[in-house]
Amino acid sequence: MMNNFFITSFVLVACFCVVWTRASVVSTGDFNKDFFVTWSPSHVKTSADGTNRSLILDKDSGSGFASNDMFLFGQFDMQIKLVPGNSAGTVVAFYLTSNQPNRDEVDFEFLGNVPGQPYILQTNVYANGFDGREQRIRLWFDPTKDFHTYSVLWNLHQIVFMVDWVPIRTYRNHADKGVPYPRRQPMGLQMSIWNGDSWATSGGKVKTDWAEGPFVASFRNHKIDACIWKETQDYAGPKAQQIGGTKTASVL
């Protein structure tokens, strides 16, 4: 019931344009086709069929990859299996970002821990370059044993963070009250693994033990149901083109 509620109520996400239109699935399921490597290709491993990808962190480098396209609203799903064993100091990130100086950004950050202690999931929202909206939870399962689905639903009304289709946080649009909200900058989808031992585990008191590496996070079954952003000359300002349809309209 919860899954159906979100699909029917929110995944009609579509662009707020001159008209409302349905977003469409724009990902192929192949990491090689939907993403490009942004950091340390030697630390990115992809299955022969392109459906599974791993990111590696060692004392030499972290790694990352990003979507080929930028988007303006949509739902973004990724199945992730996190670093097993002693993952203290490591950070695995699944996030949307506009990559601008005054960036908008929507973050899932998984903060590693010592064996016997739970992973911490941190969410954050940047709007017009400002953050300070971190929230943390402890996951109710071991995210290193199997893949779980992490999702971001982003539309003009709200941003919903979900774990296995369960909403864990909602950030609503109160721009009419002067609260910044990511609504004008297109964002790309990125994944990375990196050393955050200056802050990630026990406030930086527990450092990364490189003897435990390499540290590996695995990804599969990505789905992007979103509006691909295309800049055109028809209007002043950002534009959103509905891929899979015929609508091109100005974002208000």
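Student: What conventions apply to the model and its numbering?
Tutor: In this predicted model, local features need pLDDT of at least 70 and side-chain atom pairs count only at pLDDT 80 or more, while totals for chains, interfaces and linings use all residues. Side-chain values use heavy atoms, with hydrogens and water left out, and residues are numbered from 1 along each chain as its sequence is written.

Student: How many helices and strands does the chain have?
Tutor: Helices (H or I, at least four residues) and strands (E, at least two) are DSSP runs, numbered from the N terminus. On that basis, the secondary structure of the chain comes to 2 helices and 17 strands.

Student: What percentage of the residues in the chain is buried?
Tutor: A residue is called buried under 20% relative accessible area, exposed over 50%, and partly exposed in between (1.4 Å probe, protein chains only). The chain has 252 residues, and the buried part of them is 53%.

Student: Which residues have the most contacts inside the largest nonpolar core?
Tutor: A nonpolar core is a set of buried Ala, Val, Leu, Ile, Met, Phe, Trp, Tyr and Cys residues joined through side-chain atoms within 4.5 Å. In soluble globular proteins, nonpolar side chains tend to be buried together. The largest such core here has 45 residues, and those with the most contacts inside it are Phe110, Trp154 and Phe219.

Student: With which residues is Phe110 in contact, leaving aside its neighbours within four places in sequence?
Tutor: Contact means heavy atoms within 4.5 Å. Under that criterion, the partners of Phe110 beyond four places in sequence are Ile80, Leu82, Thr90, Val91, Val92, Phe94, Tyr119, Ile120, Leu121 and Tyr150.

Student: Which residues line the largest cavity?
Tutor: On a 1 Å grid over the protein atoms alone, a cavity is a set of points where a 1.4 Å probe fits but cannot get out, and lining residues have an atom within 4 Å of a point. Strand S9 (120-126), strand S10 (135-138) and S13 each supply at least two residues of the lining of the largest cavity. The residues that line the largest cavity are Leu121, Thr123, Gln135, Ile137, Ile168 and Arg169.

Student: Which residues lie closest to the centre of the largest pocket?
Tutor: A pocket is an open set of grid points with protein on both sides within 12 Å along at least five of seven lines. The largest pocket has a volume of about 210 Å³. Of the 16 residues that line the largest pocket, the closest to its centre are Gly85, Gln117, Tyr119, Asp142 and Thr144.

Student: Where is the cis peptide bond that joins Pro214 to its partner, and what is that partner?
Tutor: Pro214 lies in the loop between strand S14 (188-195) and strand S15 (215-228). Most peptide bonds are trans. The bond in question has an omega of about 0°, and the residue joined to Pro214 by it is Gly213.

Student: Is Asn99 buried or exposed?
Tutor: Asn99 is placed in the loop between strand S7 (90-97) and strand S8 (105-111). Its phi is near 55°, a positive value in a residue other than glycine. Because its relative accessible area is 53%, Asn99 is classed as exposed.

Student: How far apart in space are Trp39 and Ala66, C-alpha to C-alpha?
Tutor: Trp39 is found in strand S2 (residues 35-39) and is partly exposed, with a relative accessible area of 36%. In sequence, Trp39 and Ala66 are 27 residues apart, whereas in space their C-alpha to C-alpha distance is 9.5 Å.

Methods. Points joined across faces, edges and corners; volume = space filled by probe spheres on them.
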